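Here is a short report on one protein model. Look at the sequence and the structure first, then read on.

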Amino acid sequence: MVEAMFGAAAIWVTLLLAVIVVALVRAKSAMLRILLVDTVTLILVALLLLYAERAGRPYYLDAALALAMLSFVGTIGAARYLAERRVF
């Protein structure tokens, strides 16, 4: 039963990833693209977490945490640069 739930969650998250990538390709504004790239990385974090639990390899949790932190910092930096034309 647990394996079926992990499979269903992986399929659902992969479907969400495909929809977000299509929206990213169609996005017109730079701010929307920044937000969609952040959303893609968060969905990738979810996939890493699912894989870490299913495979029983905890070092994927570290990779997911690092990706989430870098994504947050990158989104803040890109949005600030887009708004003010400076990062610091």
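This is a predicted model: local features need pLDDT of at least 70, side-chain atom pairs count only at pLDDT 80 or more; totals for chains, interfaces and linings use all residues.

Leaving out residues up to four places away in sequence, A27 touches L32, R33 and L36.

## Helix α3

Helix α3 covers residues 59-84, 26 residues in total. From first C-alpha to last, α3 reaches 38 Å. That is close to the 38 Å expected at 1.5 Å a residue.

Which residues of α3 are buried? They are A64, S71, T75 and G77. The buried residues of α3 pack against α2. An α-helix has 3.6 residues a turn, so residues three or four places apart point the same way.

After α3 comes R85. The phi of R85 is positive, near 60°.

## The whole protein

The protein has 3 helices and 0 strands. Along the sequence, the pattern is α-α-α.

The C-alpha trace spans about 50 × 30 × 10 Å along its principal axes. The radius of gyration is 15 Å, whereas a compact globule of 88 residues would have one near 12 Å.

Buried residues make up 22% of the 88 residues. Among contacts with a separation of 6 or more, 48% join residues 24 or more positions apart. The accessible surface comes to about 6300 Å². Carbon and sulfur atoms account for 75% of that surface.

Key. Residues are numbered from 1 along each chain as its sequence is written. Side-chain values use heavy atoms; hydrogens and water are left out. Contact means heavy atoms within 4.5 Å. Helices (H or I, at least four residues) and strands (E, at least two) are DSSP runs, numbered from the N terminus. The expected span of a helix is 1.5 Å times one less than its number of residues. Buried means under 20% relative accessible area, exposed over 50%, partly exposed in between (1.4 Å probe, protein chains only). The radius of gyration is taken over C-alpha atoms; the globule rule is 2.2 Å times the number of residues to the power 0.38. Accessible areas come from the Shrake-Rupley method with a 1.4 Å probe; for residues, only the protein chains shown count as cover.
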